[in-house]
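My entries follow the structure itself.

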Amino acid sequence: MGRAGAERDDGAHLARRPPRHELADLVPRQSLGALPVTRDADAFTRPYWDAANQGRLLIRRCHAAGCGAAHHYPREFCPRCWSEDVHWERASGRASLYTWSVVHMNDLSPFSGRLPYTAAVVDLAEGPRMMTEVVGCPGFALRVGMDLYVHFRPGGADGTAVPVFRVFRPTV
Ligand SMILES: [Zn+2]
């Protein structure tokens with residue numbers, strides 16, 4: 001019976017599929033081409049990018065009674081207690097290296113232009129864990145727990161600075 005049903009299939013269901021270009025319209029434009037260096041800043045994230053352009057790393061801290069948790073990436077509510085009493089705060093810029101991976105192949109611009117690079121996850125001194133890059137140090141010299149310090153690299157076509165990290169070398 002299933003076979004007979006298949007023979008009667010006139011293919012109408014295929015015609016109902018949306019054309020490929022309609023599917024593409026549903027996908028954010030940035031994800032179709034090269035990955036953006038920074039996300040588009042909106043009213044909420046604008047202070048973060050403005051501060052980065054001035055050489056300051058911002059995190060968010062909850063001011064709710066009994067909480068006080070800091071977080072990153074920036075959210076409009078506290079991921080610990082869900083309070084909306086959350087405010088921008090300048091981070092010290094100090095961090096320690098949690099993990100990393102040296103990337104030797106990536107066809108996507110702008111990453112393809114700076115291979116190899118070190119994708120990393122760092123623990124900010126204030127507590128939040130952050131995805132970033134470590135620059136200025138070969139991968140073989142990196143160690144878990146290394147002290148790092150934020151550095152701001154001019155980014156994409158709009159010139160937005162992107163926070164990355166260098167190995168911290170005290171000047172003593
Ligand atoms: Zn909280």
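**Strand pairing and backbone notes**

I began at Ile59, which stands opposite Glu89 in β3. I noted that this is a predicted model, where local features need pLDDT of at least 70, side-chain atom pairs count only at pLDDT 80 or more, and totals for chains, interfaces and linings use all residues. Residues are numbered from 1 along each chain as its sequence is written.

I then followed β1 (residues 58-62), which pairs with β3 in the antiparallel sense over five bridges; strands here are DSSP runs of E of at least two residues, numbered from the N terminus, and two of them pair if DSSP finds at least two bridges between them. The open sheet has three strands in the order β2-β1-β3, with antiparallel pairing. Because β2 (70-71) and β3 (86-90) each have a single partner strand, they stand at the edges, and one side of each is left without a neighbour in the sheet.

Next I looked at the loop between β2 and β3, where I found Tyr73 and Trp82. His72 and Tyr73 are joined by a cis peptide bond with omega about 10 degrees, and Trp82 has a positive phi near 70 degrees. Most residues other than glycine have a negative phi, and most peptide bonds are trans. Trp82 counts as exposed (12 or fewer other C-beta atoms within 10 Å, with C-beta atoms placed from the backbone), since it has 11 such neighbours.

Last, I turned to the loop between β4 and β5, which holds Pro116. The peptide bond from Leu115 to Pro116 is cis, with omega near -10 degrees.

Technical notes:
Helices (H or I, at least four residues) and strands (E, at least two) are DSSP runs, numbered from the N terminus. A residue is buried if 20 or more other C-beta atoms lie within 10 Å of its own, exposed if 12 or fewer, and partly exposed in between; C-beta atoms are placed from the backbone.
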